[in-house]
Each structure stands twice: as structure tokens, then as C-alpha cells.
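Look over the sequence and the fold first, then read the points below.

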Amino acid sequence: GEKNPTDIKGAMDYKPATGSGNFSTELNLTYRKIVYPYSYAMYMGYDYSFTGTKLMSASDTEETEFNYGDILRTGVSFNFHLNEWIALTNEINYSHWGKDKVENEIPDNALSRWVIDYETHLVFQIKRFRVAEAVVIRLAGKNEAPADPQYIFIVQYTF
């Protein structure tokens with residue numbers, strides 16, 4: 001999406017940006033073991049954020065260089081397979097965000113943040129199609145970590 005606000009008519013009257021203004025890449029390592037009707041999984045991932053530029057507010061006239069903090073993610077899951085195509089999953093996830101940089105410096109008010117989530121899924125799989133519903137519940141967190149439960153609907157096709 002667009003990295004900068006559009007249709008700016010004033011400091012509070014504009015269409016916000018839909019994009020973040022930078023690219024990132026993520027590397028994940030996952031281990032999964034199935035002992036039917038149970039399965040276990042562990043994963044670790046690292047999301048590297050590249051430097052980008054954008055208007056930091058609707059009143060800015062020049063783009064500012066920034067770099068969002070990198071993200072470390074890790075988690076474990078215990079899953080129960082009701083039959084060959086329905087599974088209940090339970091995950092505990094930890095995520096840690098590094099401090100953001102603006103103009104290649106960490107601002108005084110920059111905060112690193114972390115969260116611990118419990119996530120449960122009901123997963124249906126028919127051949128190569130997978131449909132899942134999930135609820136994410138925040139167990140703990142620090143610095144701007146919202147505490148609202150999240151509902152997630154997932155549709156996947158496995159290759």
C-alpha cells in the first residue's frame with residue numbers, strides 16, 4: 001500500500017497510509033513431531049527490517065529515513081488431532097521487538113516491547129485445503145502491547 005498519507009487537507013483531515021514504507025524479511029526454523037493423535041511443534045523466527053523512508057506525520061513535507069526494530073519470535077505448541085482432518089492446537093508464543101531508529105539514531109522515547117500470547121486453533125483440513133479459526137489471548141507484555149483478544153480466520157492451501 002501507499003507509504004505516505006494521501007488527500008491531506010489538514011493536520012487531522014487525511015487518509016492514513018496503508019503501507020509501512022519499508023521491506024522486511026523473515027527466517028523461520030520449525031520442528032514438528034507427530035505421535036498420532038498428538039503433535040508437538042517448536043519454532044523460532046527472526047524478522048529483519050530494512051531501512052525505509054516516509055512522511056512521519058501528515059504535516060511533514062519531507063520524507064524521513066527510519067528503521068523499524070527487528071522482531072524475534074519463538075513458540076511451542078501441543079496439538080490434539082480429533083481425526084485425520086480436524087485438530088485442536090494450543091500455542092504459547094513470545095515476541096520481542098527491537099527499538100525503532102529515525103535518521104539512523106534511536107530516539108529518546110523509543111521503547112523495545114515484548115509479548116507472551118496463548119493461541120488456540122480449531123483446524124479443518126480437507127486434502128490440501130486448510131481452514132482454521134484462532135483466538136489469541138495476551139498473557140503478558142510490556143510497552144504498547146495491546147491486551148485485547150484477537151480472532152483470526154485462516155485459509156491455506158498446502159503445496
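In what sense do strand β3 and strand β4 pair, and over how many bridges? The pairing of β3 (residues 24–35) with β4 (residues 38–49) is antiparallel, over 12 bridges. This is a predicted model, where local features need pLDDT of at least 70, side-chain atom pairs count only at pLDDT 80 or more, and totals for chains, interfaces and linings use all residues. Residues are numbered from 1 along each chain as its sequence is written, and side-chain values use heavy atoms, with hydrogens and water left out.

**Strand pairing**

- Strands here are DSSP runs (E, at least two residues), numbered from the N terminus. Two of them pair if DSSP finds at least two bridges between them.
- Strands of a sheet pair through backbone hydrogen bonds, either parallel or antiparallel.
- A hairpin of 2 residues connects β3 to β4. Across this pair, Leu29 faces Met44 in β4.
- β4 also pairs with strand β7 (residues 71–81), antiparallel, over 10 bridges. Tyr40 has Phe78 in β7 as its bridge partner.

**A three-stranded open sheet**

- An open sheet of 3 strands runs in the order β5-β6-β9, with antiparallel pairing.
- β5 (52–54) and β9 (101–102) are the edge strands; each has a single partner strand, so one side of each lacks a neighbour in the sheet.
- Strand β6 (residues 64–67) and β9 are antiparallel and joined by 2 bridges. Asn67 has Lys101 in β9 as its bridge partner.

**Aromatic pairs**

- Rings of Phe, Tyr and Trp (its six-membered ring) pair if their centres lie within 6.5 Å; planes under 30 degrees apart are stacked, over 60 edge-to-face, and the rest tilted. That rule gives 9 aromatic pairs.
- Tyr38 and Phe80 make a tilted pair, because their ring centres are 5.6 Å apart and their planes stand at 45 degrees. The pair links distant parts of the chain: Tyr38 is in strand β4 and Phe80 in strand β7, 42 residues apart.
- How exposed are these two rings' residues? Buried means under 20% relative accessible area, exposed over 50%, and partly exposed in between (1.4 Å probe, protein chains only). Tyr38 is partly exposed at 35%, and Phe80 is partly exposed at 30%.
- Tyr157 and Phe159 pair edge-to-face, with 5.2 Å from centre to centre and 80 degrees between the planes. Tyr157 is partly exposed at 41%, whereas Phe159 is exposed at 86%.
- One aromatic cluster is formed by Tyr38, Tyr40, Phe78 and Phe80.

**Charges over rings**

- A charge sits over a ring if NZ of Lys or CZ of Arg is within 6 Å of the ring centre and within 35 degrees of the ring normal.
- Lys54 places its charged end over the ring of Phe66, 5.1 Å from the centre.
- Arg113 lies over the face of Trp97, 4.7 Å from the ring centre.

**Nonpolar surface patch**

- A nonpolar patch joins side chains (Val, Leu, Ile, Met, Phe, Trp, Tyr) within 5 Å, from residues with over 30% relative accessible area and no salt bridge. A salt bridge is a side-chain nitrogen of Lys or Arg within 4 Å of a carboxyl oxygen of Asp or Glu.
- The patch has about 1,000 Å² of accessible area together, and its members include Tyr31, Met42, Val76, Ile92 and Phe153. Areas come from the Shrake-Rupley method with a 1.4 Å probe.
- β11 (129–142) and β12 (150–157) are the elements giving two or more residues to the patch. β11 gives the most, with 4 residues.
- Tyr31 lies in strand β3. Tyr31 is partly exposed, at 48% relative accessible area.

Definitions and conventions:
Patch = residues over 30% accessible without salt bridge, like charges linked within 9 Å, V, L, I, M, F, W, Y side chains within 5 Å.
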